[in-house]
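Please read these notes with the sequence and the model open beside you. They are set out as numbered points.

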Amino acid sequence: MAPWALLSPGVLVRTGHTVLTWGITLVLFLHDTELRQWEEQGELLLPLTFLLLVLGSLLLYLAVSLMDPGYVNTQPQPQEEPKEEQTAMVPQPVALRRCRYCLVLPLRARHCCACRRCVRRYDHHCPWMENCVGERNHPLFVAYLVVQLAVLLWGLHLAWSGLHFFQPWGLWLRSSGLLFATFLLLSLFSLVASLLLASHLYLVASNTTTWEFISPHRIAYLRQRSRNPFDRGLTHNLAHFFCGWPSGSWDTLWAEGEAEGGSSQDV
């Protein structure tokens, strides 16, 4: 590996996140918070649980940040001829889209300028992850938000438990200034994580993505459509997102949605 590769944005962002995570944890242990009180009293279950949650959130972060989000394979693949029965049963999907960089662009995929690749079921490019959130890592991203929010809210409570305001201002600032700054930082992160989790749970429940929700007028397969063609109800959407069931291509799902929309308009 070249030395300058260690200064790449991805390495710097992930290193910064790791250092910040353990730095905040260390601050909570060093000050007079409930964590330190439990440790001094020999009650190690809750401190160990907190550390495991912090470690779990960090591992989920690295997994989402480092894994393939669902890059489109630009190598030509041999395709089997569809059977006559299949083409008769399933309506023809939207016309094949093409990317100026990656040639073929499957349905719900989008080219990411930061990653320089097309990503299947593209949701967004996360600068904090330095990676795209797409078809393969979106479920893990939601799981990460859940665990991270739990850690942040618990950390917020722990930081508040160590803030004692009965001291003179100068003495308080020297003894608790770092803990108070940590409390403010955790408050900001908790707000951001809460909004992100709420928005992504809504998107998952309706089987849409951030890109599709924000810019439907710029997307050919959503333009001038009154409803989301991929929405199959809450239960099916959640099952498909987290478990991959029922399986099937987005083209088939889109075509079925178009057929249902057409039949409802005829009636």
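1. The unreviewed UniProt entry annotates residues 12-32, 44-64, 141-166 and 178-203 as "transmembrane region". Such positions are given in the numbering used here, with feature names shortened, and annotations may be inferred rather than shown by experiment.

2. This is a predicted model, in which local features need pLDDT of at least 70 and side-chain atom pairs count only at pLDDT 80 or more, while totals for chains, interfaces and linings use all residues. Residues are numbered from 1 along each chain as its sequence is written, and side-chain values use heavy atoms, with hydrogens and water left out.

3. Residues 178-203 are 100% helix and 0% strand, with end C-alpha atoms 37 Å apart. For residues 141-166 the figures are 81% helix, 0% strand and 42 Å. Helices (H or I, at least four residues) and strands (E, at least two) are DSSP runs, numbered from the N terminus.

4. Arg121 sits in the loop between strand E4 (117-119) and strand E5 (124-126). Is Arg121 buried or exposed? Arg121 is buried, because its relative accessible area is 5% (buried means under 20%, exposed over 50%, partly exposed in between, with a 1.4 Å probe and protein chains only).

5. The side chain of Arg121 reaches the backbone oxygen of Thr208 at 3.5 Å. Beyond its neighbours within four places in sequence, Arg121 has contacts (heavy atoms within 4.5 Å) that include Val133, Phe241 and Trp250. The C-alpha atoms of Arg121 and Val133 are 8.7 Å apart.

6. Phe241 is also one of the buried residues of helix H8 (residues 234-243), along with Asn237, Ala239 and His240. Just after H8, Gly244 has a positive phi of about 70°.

Key. A polar contact is a pair of N or O atoms within 3.5 Å; within protein, one must be able to donate a hydrogen and the other to accept it, and residues adjacent in sequence count only if both atoms are side-chain atoms.
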